Amino acid sequence: MSAFAPWSIEQAEVVVNKCASRTGPVLLTLQALQCEFGYVHPDAVPLVARTLNVSRAEVHGVLTYYHDLRTSPAPAHAVRICVAEACQSVGSGAVVQRAEGELGVSMGERSVDAIDLESVYCLGDCALGPAALVDGQLLGRLSPPQIAAVIASLRSESA
Ligand code: FES
């Protein structure tokens with residue numbers, strides 16, 4: 001069960017209005033919306049712009065500048081596989097291919113069961129490549145069968 005409220009424009013108005021009188025309100029307001037809903041719904045952009053009397057472009061600029069701000073709900077799980085040179089030289093390509101096959105998506109996409117598959121460029125674990133970060137946990141010396149087992153384990157956690 002999510003710790004976040006489901007998106008609603010009415011609740012978003014309450015959050016935005018609370019932030020309107022604060023200093024530096026655009027970033028604070030977007031952070032407050034993310035705290036409430038887990039992400040910033042695209043419909044919040046005109047609401048924030050109108051309430052804070054700034055342009056939509058300014059709100060959109062702040063929203064896209066800060067990588068910690070999300071514009072879609074967080075995934076159930078995140079699998080980030082290193083595709084930098086050292087990991088590629090020891091077989092990360094095969095690990096990526098297996099992960100894509102298991103999840104039915106390409107790198108940069110989300111599976112139907114809300115598992116994000118992303119590429120990263122070096123996790124600082126080059127000696128133990130192929131490396132991956134799975135829900136924040138660093139894994140090394142991954143093989144294609146191991147990444148398949150990791151994904152199966154994530155799915156059983158979610159079930
Ligand atoms: S190249 Fe993959 S962890 Fe450094």
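In this predicted model, H60 counts as partly exposed because its relative accessibility is 45%, a value that lies between the 20% below which a residue is buried and the 50% above which a residue is exposed. H60 is part of helix α4. Its C-alpha atom is separated by 36 Å from that of V95, a residue 35 positions away along the chain.

Helix α2 runs from residue 25 to residue 37. Its 13 residues reach 18 Å from the first C-alpha to the last, close to the 18 Å expected at 1.5 Å a residue. After the helix comes G38, with a positive phi near 90°.

Which residues of α2 are buried? They are V26, T29, L30, L33, Q34 and F37. These residues cover an arc of only 140° around the axis, and therefore lie on the same side of α2. The spacing follows a general rule: an α-helix has 3.6 residues a turn, so residues three or four places apart point the same way.

The crossing of α2 and α3 is right-handed. On the α2 side, the contact involves P25, V26, T29, L30 and L33, which meet A44, V48 and L52 of α3. Among these α2 residues, V26, T29, L30 and L33 are buried.

How values were computed:
Residues are numbered from 1 along each chain as its sequence is written. This is a predicted model: local features need pLDDT of at least 70, side-chain atom pairs count only at pLDDT 80 or more; totals for chains, interfaces and linings use all residues. Side-chain values use heavy atoms; hydrogens and water are left out. Helices (H or I, at least four residues) and strands (E, at least two) are DSSP runs, numbered from the N terminus. The expected span of a helix is 1.5 Å times one less than its number of residues. Buried means under 20% relative accessible area, exposed over 50%, partly exposed in between (1.4 Å probe, protein chains only). The arc is that of the directions from the helix axis to the C-beta atoms. A crossing is left-handed if the near helix is turned anticlockwise from the far one by less than a right angle, and right-handed if clockwise. Contact means heavy atoms within 4.5 Å.
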